[in-house]
Amino acid sequence: MAALKPAAVAELTADTGKHKAHNPAIVVLILGFLAGAYIALGYLLYIRVVAAAPEAWGSMSGLIGALVFPIGLTLVLIAGGELLTGNMMALSIARLARKITTREVCWNLTLVTFSNFVGAVFVAYLFGHVLGLTGQGVYLDKVVDLAGHKMEDSFLQAFVSGIGCNWLVALAVWLAYAADSMSAKIVGIWIPTTAFVALGFQHVVANMFLIPAAIFEGHFTWGQYLMNFIPVWLGNMVGGAIFVAAAYYAVYLHKPASTTSVTTEETEPQVGSTPAAMQSLTE
C-alpha cells in the first residue's frame with residue numbers, strides 16, 4: 001500500500017474542500033442526508049452489539065462496539081457523503097489556503113448540518129422506533145443510558161469532548177485522503193474512529209441519532225438535546241479546524257514572505273529530488 005506524504009495530503013484536502021464548497025445545494029443536501037444516515041447506521045450497529053453482549057465481557061464489549069462503529073465513516077468516505085465533521089476540517093484548510101470564502105464555508109456547513117440531522121433522525125425514527133431496534137429491552141436501556149451520559153456533561157465538558165472527537169475523526173479523513181487503495185483507506189479510517197468511540201468523545205452527527213432515538217421512546221426533551229448540540233458542534237469545529245486544518249496548513253501550505261528572499265543555492269533541488277507534495281511512501 002502507498003500513501004501520499006503529508007504535504008501532498010494537505011494540498012489534496014484543500015482542493016477537496018474547494019470542491020465541496022462549490023457543489024450545488026441539492027447535491028450537498030442529498031450527500032449530507034446519506035452521510036447522516038450512514039453514521040446513524042454505524043451507531044445502531046454499535047448499540048445492537050454492545051447492549052446484547054454478556055456482562056462477563058465487561059469493558060471488552062465497549063471495545064468491540066467501537067470496532068464496528070467505523071462502518072459509518074467508511075461508507076461516507078468510500079461510497080460518498082457530506083459529513084459535517086469532515087467538512088469542518090476540509091473547508092477550513094481550503095479557506096486558510098484562500099481557495100474559498102468564509103461565506104462559502106458557512107453556507108456549506110449550514111446545509112450539511114441540516115441534512116446530516118435529517119438523515120440521522122430518519123434512521124433513528126424508522127429503524128430505531130418504528131422497527132423497534134432501539135425501542136425495547138436491553139437496546140432501549142442502552143440508548144437511554146448512552147444518551148443520558150452525553151447530556152449530563154457540562155457545556156465545557158461537552159465542548160472539550162467534541163474537540164477530542166473531531167481531532168481523531170478529521171485525522172481519519174486525512175488518512176483516507178492519503179491512501180490510494182480501498183483497503184488502505186479502510187485501515188486509515190478505522191483506527192482513529194475506533195479510538196474516539198472507545199474514549200467516549202462526543203460526535204455531533206452520532207448524537208443526532210442517539211439522543212433523538214431516546215426522545216422518540218419518551219425519554220429526555222428536544223430542549224435538553226439542544227443544550228448538548230451547541231457545545232458539541234462548537235467543539236467538533238475547533239477539533240477539525242484548529243487541531244488538524246490550521247496545524248497542517250501552517251506546516252505545509254503557509255508560504256511566509258521571507259521564503260522568497262532565499263538564495264538560489266538554498267533553493268536549488270538536489271539530484272533526484274521531487275517536490276514534497278508529489279512524493280509518496282511505499283509501505
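**Reading contacts and surfaces in a predicted model**

Tutor: Asp 15 counts as partly exposed, at 39% relative accessibility. This value, like the others discussed here, is computed from a predicted model.

Student: Which side chain meets Asp 15 in a salt bridge?

Tutor: The general idea is to look for a side-chain nitrogen of Lys or Arg within 4 Å of a carboxyl oxygen of Asp or Glu. Here the partner of Asp 15 is Lys 99, with an N to O distance of 3.1 Å. The pair links distant parts of the chain, 84 residues apart: Asp 15 belongs to helix α1 (residues 6-21), and Lys 99 to the loop between α5 (84-96) and α6 (102-130). Lys 99 is partly exposed, with a relative accessible area of 30%.

Student: How many salt bridges does a search of the whole structure find?

Tutor: The search finds 2 salt bridges. Besides the pair already described, Glu 82 and Lys 20 meet at 3.2 Å, N to O. This pair also links distant parts of the chain, with Glu 82 in the loop between α4 (71-79) and α5, and Lys 20 in helix α1, 62 residues apart.

Student: Are Glu 82 and Lys 20 buried or exposed?

Tutor: The cut-off for buried is a relative accessible area under 20%. Glu 82 is therefore buried, with 3%, and Lys 20 is likewise buried, with 9%.

Student: Which residues form the nonpolar patch on the surface?

Tutor: Phe 155, Leu 226, Met 227, Ile 230 and Leu 234 form this patch, and together they have about 460 Å² of accessible area. Helix α11 (residues 222-253) supplies the largest share, 4 residues. Ile 230 is placed in helix α11 and counts as partly exposed at 33% relative accessibility. Gly 235 is found in helix α11 as well, but Gly 235 is buried, at 0%. The C-alpha atoms of Gly 235 and Met 89 are separated by 12 Å, although the two residues are 146 apart along the chain.

Student: What does one look for in the backbone angle phi?

Tutor: Most residues other than glycine have a negative phi. Arg 98 has a positive value, near 65°; this residue lies in the loop between α5 and α6 and is exposed, with a relative accessible area of 76%. Phe 220 also has a positive phi, near 70°. Phe 220 is found in the loop between α10 (204-216) and α11 and is partly exposed at 29% relative accessibility.

Student: How many disulfides are counted?

Tutor: A disulfide is a covalent bond between the sulfur atoms of two cysteines. The count here comes to 0 disulfides.

Methods
Residues are numbered from 1 along each chain as its sequence is written. This is a predicted model: local features need pLDDT of at least 70, side-chain atom pairs count only at pLDDT 80 or more; totals for chains, interfaces and linings use all residues. Side-chain values use heavy atoms; hydrogens and water are left out. A disulfide is a pair of cysteine sulfur atoms within 2.5 Å. Patches are made of residues with over 30% relative accessible area and no salt bridge: like charges are joined within 9 Å, nonpolar side chains (Val, Leu, Ile, Met, Phe, Trp, Tyr) within 5 Å. Accessible areas come from the Shrake-Rupley method with a 1.4 Å probe; for residues, only the protein chains shown count as cover. Helices (H or I, at least four residues) and strands (E, at least two) are DSSP runs, numbered from the N terminus. Buried means under 20% relative accessible area, exposed over 50%, partly exposed in between (1.4 Å probe, protein chains only).
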